[in-house]
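Hi,

Here is the model I promised to pass on.

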Amino acid sequence: MATNMMNKYVLVLSCLIFFVMTGSLNAKPADIKAICGKAKNPSFCTNYMKSNPKTSGADIKTLATITLDSAQTSASGAMNKITPFAEKEPKRPSRSGYVLCVQNYRSTIRYLGEAKKSLASGDIRGQNINVSDAMKSSTYCQDEMLKSQR
């Protein structure tokens, strides 16, 4: 259950990383086809962008903001789904995996908030660092959950 939410979250961030890597926040409408063509999962990226009416005609900065907001919402949702398991699971190895995931998702949410601040101030380097850290946190959580299920 929580793993599916994590996968969705990581895919959303994989779209965002390509906005960040362009390094150009021009105010002209972004070419979603070109951006999503570079994503790890182009069809997911395209479907995600087309599913949100706010993306139509948006510039890269707006797309990045929309995607950061969505990633933060997904991370919060994943953390909310994992938290009850971390709190109620008996003291066994799988519980420690849930506890670590809750901690990682708190960090992920914080990193995404910092990335939004960096985007707003034009600090592309800071945004890249924070998005990268957010991706690492969620991926680490997913890896830990897979280990605990073995």
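This is a predicted model: local features need pLDDT of at least 70, side-chain atom pairs count only at pLDDT 80 or more; totals for chains, interfaces and linings use all residues.

Residues are numbered from 1 along each chain as its sequence is written, and side-chain values use heavy atoms, with hydrogens and water left out.

**The disulfide**

There is one disulfide in the structure, counted as a pair of cysteine sulfur atoms within 2.5 Å. The partners are Cys 36 and Cys 45, with 2.1 Å between their sulfur atoms. The link of Cys 36 and Cys 45 is left-handed, at -65° about the S-S bond. Both cysteines, Cys 36 and Cys 45, are buried (buried is under 20% relative accessible area, exposed is over 50%, and partly exposed is in between, with a 1.4 Å probe and protein chains only).

**Helix α3**

Cys 45 also belongs to helix α3, residues 42-51, where it is buried along with Tyr 48 and Met 49. Seen down the axis of α3, these buried residues fall within an arc of 95°, so they line one face of the helix; the arc is that of the directions from the helix axis to the C-beta atoms. On the face of α3 turned away from that buried side you'll find the exposed residues Asn 47, Lys 50 and Ser 51. As for the naming, helices (H or I, at least four residues) and strands (E, at least two) are DSSP runs, numbered from the N terminus.

**The salt bridges**

I found two salt bridges, each being a side-chain nitrogen of Lys or Arg within 4 Å of a carboxyl oxygen of Asp or Glu.

One joins the side chains of Lys 116 and Asp 69, at 2.9 Å from N to O. Lys 116 sits in helix α5 (residues 93-121) and Asp 69 in helix α4 (residues 60-88), so this pair ties together parts that are 47 residues apart in sequence. Lys 116 counts as partly exposed, at 28% relative accessibility, and Asp 69 as partly exposed too, at 33%.

The other is between the side chains of Lys 117 and Glu 114, at 3.4 Å from N to O. Both Lys 117 and Glu 114 lie in helix α5, three residues apart, which is about one turn of the helix. Here Lys 117 counts as exposed at 55% relative accessibility, whereas Glu 114 is partly exposed at 33%.

Cheers
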